[in-house]
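Please have the sequence and the coordinates open as you read.

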Amino acid sequence: MSQTTPIYILSGFLGSGKTTLLQQLIDHWQGEGLLPAVIMNEVGDVNLDGLQVQEQVPMTEMLSGCICCSIRGDLSGEIAGLIQREAPDVIVVEATGIANPMEILEGVSEAALYLPIDLRGIMTVVDSAHLLELYNVQKGKTYRLMQEQIRCASALILNKMDRVKEEEEDLLQSIVERWNGYAGVWKAVRCRVDIPALLDALGGVKADWTRAADNESKQAPGELVPQNGREQNAEPHAESASDHGGESQPLHHPHHAHKSHNHESHAHESHDHVMVYTHYFKGPVESLAFERLIADLPRDVYRAKGVLTFSDTASRFLFQYAFRESDFMKITPQGNVPDVAVFIGEHFSRSELEQALLSLEQGGLRETD
Ligand SMILES: Nc1nc2c(ncn2[C@@H]2O[C@H](COP(=O)(O)OP(=O)(O)OP(=O)(O)O)[C@@H](O)[C@H]2O)c(=O)[nH]1
């Protein structure tokens with residue numbers, strides 16, 4: 001009799017709603033009396049999504065790199081550590097939005113060779129409005145990455161349907177069916193889906209199954225992809241970054257040993273165009289000026305998030321910016337969380353952004369009103 005820990009990969013482009021879905025999965029499992037654990041991967045050096053996950057959920061952070069390449073070698077160690085320390089009933093790996101799911105799948109499959117884990121599938125969360133916009137243009141790395149994330153999915157959550165016009169719904173449906181005719185599709189706003197049905201479609205997680213049942217129903221991790229015939233369909237990684245100019249700073253993490261595998265240089269190339277700027281604030285900033293700065297961000301900044309103290313309000317805020325939509329939520333972070341903002345995008349000017357933020361800190365923007 002062997003015990004295996006079910007593991008799910010949460011994929012989807014930056015800001016599509018992965019953490020929003022994660023919260024619902026956690027609530028569901030906790031309601032069933034199960035202990036979920038999370039491996040959270042962020043390209044920036046601060047984990048802001050972690051602030052949205054309850055403290056009692058065991059969580060491991062893999063920061064400053066993308067799980068599918070630069071810190072992939074660490075993944076099995078993190079899974080092993082989590083199982084040993086916490087003995088969770090289920091593990092969710094939330095990948096960065098720029099991760100190629102095939103590479104993560106490989107990473108988890110490698111780990112499954114010597115760890116008692118059972119890969120249940122990849123849930124890909126799609127920002128439906130963003131997908132439709134990119135589909136109209138039919139080019140760009142983000143478009144190809146989204147396509148790949150959809151192709152590799154075992155379950156697809158077409159999220160942000162509130163931003164899709166009714167007349168666009170058929171097109172959306174036909175795009176994803178063409179790219180992946182096997183995965184179950186759930187349309188959602190704020191990832192509100194029938195969680196038990198979603199999990200059942202991927203094999204479910206049950207306390208008795210996890211803790212006591214034998215391995216009869218266990219799927220070999222690698223089976224998920226060939227089963228659906230998607231391995232052949234998957235397009236190669238996004239093309240080399242050499243076609244991009246600008247002052248982009250590639251995403252690297254020199255402190256982590258790189259595990260050698262066939263796709264390594266390939267995988268790295270796919271992220272070379274992505275850059276991250278992290279700004280630590282020295283003090284509070286004015287809320288309206290900050291909102292204006294966010295509204296004026298260059299389009300090449302496609303994701304931003306942070307924790308801020310505003311000079312004109314009493315509480316602290318978690319701010320989110322994804323696909324030109326921003327959101328501010330009051331929070332009271334536990335522990336010592338600095339005021340910080342992370343900006344992710346492609347070859348935007350870090351120095352200009354830094355200057356704008358510094359000027360904001362000095363109240364500079366107010367003077368230009
Ligand atoms: N309009 C709209 N906004 C949504 C929806 N679902 C989530 N959001 C918002 O989108 C933003 C990003 O959501 P997250 O769940 O943090 O996205 P994510 O994929 O985890 O983001 P990264 O981890 O940074 O890649 C947040 O401000 C959410 O409140 C939705 O259905 N509609």
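Cys 191 has a relative accessibility of 0% and therefore counts as buried, where buried means under 20% relative accessible area, exposed over 50% and partly exposed in between, with a 1.4 Å probe and protein chains only. Keep in mind that this is a predicted model, in which local features need pLDDT of at least 70, side-chain atom pairs count only at pLDDT 80 or more, and totals for chains, interfaces and linings use all residues. Residues are numbered from 1 along each chain as its sequence is written, and side-chain values use heavy atoms, with hydrogens and water left out.

Cys 152 is buried too, at 3% relative accessible area.

| Residue | Relative accessible area |
|---|---|
| Cys 191 | 0% |
| Cys 152 | 3% |
| Ile 83 | 18% |

Ile 83 sits in helix H2 (residues 75-86); helices are DSSP runs of H or I with at least four residues, strands are runs of E with at least two, and both are numbered from the N terminus. Leaving out residues up to four places away in sequence, Ile 83 touches Thr 5, Pro 88, Ile 91 and Ile 117, contact being heavy atoms within 4.5 Å. Between Ile 83 and Ala 37 there are 9.0 Å from C-alpha to C-alpha, and they are 46 residues apart in sequence.

Next come the helices. Ten of the eleven residues of H5 (residues 141-151) are buried, so this helix is largely enclosed by the rest of the structure. Among the buried ones are Tyr 143, Leu 145, Met 146 and Ile 150, and also Lys 141, Glu 148 and Arg 151.

H4 (residues 128-137) and H6 (residues 169-179) have axes that come within 11 Å and cross at roughly 80°. The two helices are therefore roughly perpendicular to each other, a label for angles of 65 to 115 degrees. H4 brings Ser 128, Leu 131, Leu 132 and Tyr 135 to the contact, and the H6 side includes Leu 171, Ile 175, Arg 178 and Trp 179.

Finally, an unreviewed UniProt entry places the feature "domain: CobW C-terminal" at residues 280-359; such annotations may be inferred rather than shown by experiment. Over residues 280-359 the chain is 24% helix and 39% strand, and the end C-alpha atoms are 13 Å apart.

Technical notes. Axes are lines fitted to C-alpha atoms, for helices over the stretch in contact, and angles run from 0 to 180 degrees between N-to-C directions. Angles under 35 degrees count as roughly parallel, over 145 as roughly antiparallel, 65 to 115 as roughly perpendicular and the rest as oblique.
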